[in-house]
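The sequence and model come first.

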Amino acid sequence: MNEYIFMTNRHLPVSPPSSALVVAHRPQRCHVVPPSILTPPASLSPRSTQSPPAQSPSDGAVFAQGHDLEPVTPTPTPTQMQSVFSSQTGEAYRSQQHTTQVWESHKEEIRTMYLDENRPLKEVMAIMRQRGFRATVRMYKSRFDKWGFSKNNSKREVVTMLQVQRQRNALGKRTTFQRNGREIAIDAYLKRKGISQYDLAEPGIADSLPEHLRCVTPPPETPLIIQAGGALSLQELVLQSARDLAWNPYCPTDFPLVTPAAVYRGDALRCAITDITNADWLFYVGHYGRGGVMCEQGFRSLHLMVTQPSIYGLLHLLMFHLDAYNKGIIKEVWRYLAAYSATIKADGPLARLFQGISKFINTHEFDEYWNLIFECTEKLLVIDEQSAGLPEGTIARLYPLVFIPRAHQYKKGPYRRLQNSCDWNRLTQGTKPRVPEEMAIYEASELLILGSQSNWQGDKILELAESVLEKTKKFAFNPDFFVYIALNALANYYRSDFMSGDPASSPKHQMSIQYLEQVCQLSEGKWDPDLGYFMGDLQKLEEWHREAGDTLMADDVHRRWQNSLDTIPQQWERAH
């Protein structure tokens with residue numbers, strides 16, 4: 001091995017050079033560079049104008065004299081530096097810059113090895129070098145980003161896949177995802193990160209998946225056989241269905257919490273359930289022909305509970321079954337939803353819920369069935385959002401639906417328990433009302449909730465009712481619904497202290513009758529399918545007159561009620 005011995009201040013060390021002054025040099029593979037080339041030109045020396053005399057080492061070593069006469073290595077070119085870098089990263093030869101066209105010509109073979117055969121990148125690079133194609137790790141990774149060649153799940157991709165999965169679950173579709181033909185294990189990603197899918201939950205609907213991801217419906221592993229589930233399993237299906245549906249926003253999330261229930265009034269599913277509710281009431285009062293027309297109309301759109309479900313529709317459906325009297329309609333609704341789900345091969349939690357309840361109602365007593373529906377509804381309204389994986393504010397948004405006016409109730413006691421479980425303070429969170437219409441919705445909801453829970457007593461009821469009536473004067477749309485809530489609240493407010501046996505001349509009785517009369521006049525002589533419960537107030541007005549001993553007025557109101565029923569058309573079709 002050749003050695004260079006460096007001298008300090010032009011003095012040759014007397015003793016043998018120490019190991020600290022000896023620099024090993026690996027001989028070049030090319031020819032040996034002559035010493036004259038290694039000697040710097042005189043112009044580079046600040047002390048001399050000519051080259052220093054060469055010295056002949058006695059022991060075969062080459063001595064370089066002076067600190068300005070150190071061996072000079074030519075500056076490596078970028079290509080040489082890249083060769084060194086390539087050898088350090090496992091590439092034996094110099095890499096090249098390739099055009100997009102060259103990369104594209106190798107895309108399929110690289111894809112096959114890296115993705116389909118799941119080979120490590122270093123192995124792919126080694127094989128490609130044998131085929132005459134050389135590139136650095138950075139070049140490969142940059143090109144993979146452009147091609148979408150990825151073996152790992154990013155957080156953004158998992159969030160998008162979870163959104164798609166919830167949307168499909170709500171429609172009763174089983175879902176798996178594939179990357180490059182291989183099934184993606186989302187659960188493995190969540191386990192590795194130490195989180196649950198609800199930690200990554202984001203409201204909204206995914207527009208589309210990235211190109212390299214694919215959503216598929218897997219074949220059923222075993223034939224789907226729905227047994228008549230027990231109460232606990234069906235309650236769990238209600239919660240699973242609500243969890244899937246809650247992440248599909250019904251309106252922008254920055255709206256006040258009371259707004260979605262008002263928006264739901266325009267939903268075709270809401271219309272379908274309302275029509276069936278009206279049919280049940282008409283059957284109850286003996287108008288079977290008109291009830292049949294209403295029932296047929298409702299069933300035309302009931303399939304939307306399967307194809308376009310919402311958490312508001314789910315709660316509305318459960319509330320209808322708590323109110324309904326006609327057992328034939330009740331059974332037919334569940335049977336229809338179960339059959340429709342099976343026909344389109346839906347097998348998500350909602351579909352299993354429909355089929356499970358349909359079997360349950362046919363194998364249990366009606367009171368057992370009613371208690372099941374009540375328990376499902378109550379559990380939904382008192383669930384802890386965070387532990388259940390629901391978006392914040394989900395349950396509060398449902399509260400107004402619990403207080404929708406009804407012409408009749410099957411069991412008032414348990415129903416009152418549901419209403420008492422609602423906490424108005426939860427509806428005050430988030431965005432505050434910004435325009436008069438939103439404020440009217442806000443105050444009307446507060447009036448319904450606080451009034452029902454306080455038995456319509458307290459000055460707050462009077463204040464809210466008068467405020468709602470004032471705001472409806474400026475509405476550009478039909479304000480009857482809000483006027484109804486306010487007038488009905490005033491009638492109940494003055495009626496709250498009235499005792500059976502008090503005379504008809506009682507001032508509070510007179511005031512309550514006055515406001516309830518105004519409520520009845522909103523619908524008398526006309527039919528609005530969305531406000532069918534108005535006619536139930538004519539029955540209430542008749543009862544109030546009889547309680548006060550005013551038989552003549554009670555009989556008169558009864559005739560008015562019968563005439564109003566006759567205004568309901570024999571043939572009718574809802575216009576959407």
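## Helix α23

Helix α23 spans residues 480-495, and its 16 residues reach 22 Å from the first C-alpha to the last, close to the 22 Å expected at 1.5 Å a residue. That expected span is 1.5 Å times one less than the number of residues. Helices (H or I, at least four residues) and strands (E, at least two) are DSSP runs, numbered from the N terminus.

α23 is mostly covered, with 16 of its 16 residues buried. Buried means under 20% relative accessible area with a 1.4 Å probe, counting protein chains only.

## Basis of the model

The model is predicted: local features need pLDDT of at least 70, side-chain atom pairs count only at pLDDT 80 or more, and totals for chains, interfaces and linings use all residues. Residues are numbered from 1 along each chain as its sequence is written, and side-chain values use heavy atoms, leaving out hydrogens and water.

## The whole chain

The protein chain holds 26 helices and six strands. Of its 576 residues, 47% count as buried. Where contacts (heavy atoms within 4.5 Å) join residues at least 6 apart in sequence, 72% of them link residues at least 24 apart.

## R290

R290 sits in helix α11 (residues 288-301). R290 is buried yet has no salt bridge, and the nearest side chain of opposite charge, D566, is 4.3 Å away. A salt bridge needs a side-chain nitrogen of Lys or Arg within 4 Å of a carboxyl oxygen of Asp or Glu. For charge, Lys and Arg count as positive and Asp and Glu as negative, while His and the chain ends are not counted.

The backbone oxygen of D566 is 3.4 Å from a polar atom of the R290 side chain. Leaving aside neighbours within four places in sequence, R290 contacts L282, L565, D566, I568, P569 and Q570.

Note on methods: Buried means under 20% relative accessible area, exposed over 50%, partly exposed in between (1.4 Å probe, protein chains only). A polar contact is a pair of N or O atoms within 3.5 Å; within protein, one must be able to donate a hydrogen and the other to accept it, and residues adjacent in sequence count only if both atoms are side-chain atoms.
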